[in-house]
Amino acid sequence: MKKIIVLNGPNLNLLGQREPAQYGSHTLQDVQVLCETKASELGYALEFLQSNHEGELIEVIHRAGRECKAGETLGVVFNAGAYTHTSVALHDAIVGAEVPTIEIHISNVHAREAFRHHSYLSPVAAGIVVGFGVKGYGLAMEGLVEKFAG
Ligand code: CA2
């Protein structure tokens, strides 16, 4: 069965523990369950990952690109956390790996501090889901399938 990778960046392991006004009260474990349910509805397997390390996120993007070319993976749903606003390296990884990527943010980053308004990922993402809470992960997975399933 083909796979969707859901990739989470720095501090998303803290979800549900603090800042409920911004991110809700769901934990990352809850998000994984939501994504597993959505993946099976859509007819895909799921790989769900979180890392606080930029280099590890880059390695996953590179591997995802190889798996996409091999027909094993459809693409990546990526919440890069704060690296969204800082990382040219993640931008370059998505371009270099040629991996279909949907950018997702739990909060509406455009309604928050100015430093969250710019994303290095948006210009190279196939689509963006912002501000729908953790349900956005499911919406992003649907969008990935809508756009890239053969
Ligand atoms: O809204 C989103 O999904 C973000 O990607 C979340 C990031 C933030 O830096 C982005 O601007 C928008 C933050 C990740 C979660 O950080 C937490 C920190 C404390 C408690 C709970 C989560």
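Author: What follows is a set of questions and answers about this predicted model.

Reader: Let's start with the strands. How many residues of S1 are buried?

Author: The side chains of S1 point two ways: Lys3, Ile5 and Leu7 go one way, while Ile4, Val6 and Asn8 go the other, and all are buried. So there's cover on both faces, since buried here means under 20% relative accessible area. The count for S1 is six of its six residues.

Reader: Which residue of S2 stands opposite Ile5?

Author: S1 and S2 run parallel, with six bridges joining them. Ile5 is in the group of S1 that also holds Lys3 and Leu7. Across in S2, the residue opposite Ile5 is Glu47.

Reader: And S3: what is the bridge partner of Asn8 there?

Author: S1 also pairs with S3, again in the parallel sense and over six bridges. One of the pairs is Lys3 with Thr73. For Asn8, the partner in S3 is Asn79.

Reader: What residue in S4 is the bridge partner of Val76?

Author: S3 is mostly covered, with seven of its seven residues buried. S3 is joined to S4 by three bridges, and the two strands run parallel. Val76 has as its bridge partner in S4 Thr101.

Reader: Let's zoom in on Val77. Is Val77 buried or exposed?

Author: Val77 sits in strand S3. Not counting residues up to four places away in sequence, Val77 touches Ile4, Ile5, Val6, Leu7, Ile102, Ile104, Tyr137, Ala140, Met141 and Leu144. Its relative accessibility is 0%, and because the cut-off is under 20%, Val77 counts as buried.

Reader: What distance separates the C-alpha atoms of Val77 and Ile5?

Author: Along the chain, these two are 72 residues apart.

Reader: Now helix H5. What does H5 reach from its first C-alpha to its last?

Author: H5 covers residues 135-148, which makes 14 residues. At 1.5 Å a residue, the expected reach is 20 Å. The model comes close to that, at 20 Å.

Reader: What do the buried residues of H5 pack against?

Author: The buried residues of H5 are Gly136, Tyr137, Gly138, Ala140, Met141, Leu144 and Val145. As a group, the buried residues of H5 pack against helix H2 and strands S1, S2, S3, S4 and S5.

Reader: Back to Asn79. What is the relative accessible area of Asn79?

Author: Asn79 lies in strand S3. Leaving aside neighbours within four places in sequence, Asn79 is in contact with Leu7, Asn8, Gly9, Leu12, Ile104, His105, Ile106 and Tyr137. Asn79 is buried, and its relative accessible area is 3%.

Reader: Last stop, the loop between S1 and H1. What is the phi of Glu19, and what is that of Asn11?

Author: Most residues other than glycine have a negative phi, and that's the reason to look at these two. Asn11 and Glu19 are both in the loop between S1 and H1. Glu19, at 47% relative accessibility, counts as partly exposed. Neither is a glycine, yet phi is positive for both: about 55° for Glu19 and, for Asn11, about 75°.

How values were computed. Residues numbered from 1 in each chain as written. Predicted model: local features only at pLDDT ≥ 70, side-chain atom pairs only at ≥ 80, totals over all residues. Heavy atoms only, no water. Helix = DSSP H or I, 4+ residues; strand = E, 2+ residues; numbered from the N terminus. Expected span 1.5 Å × (residues − 1). Buried < 20%, exposed > 50% of the residue type's maximum accessible area, 1.4 Å probe, protein only. Contact = heavy atoms within 4.5 Å. Pairing = 2+ DSSP bridges.
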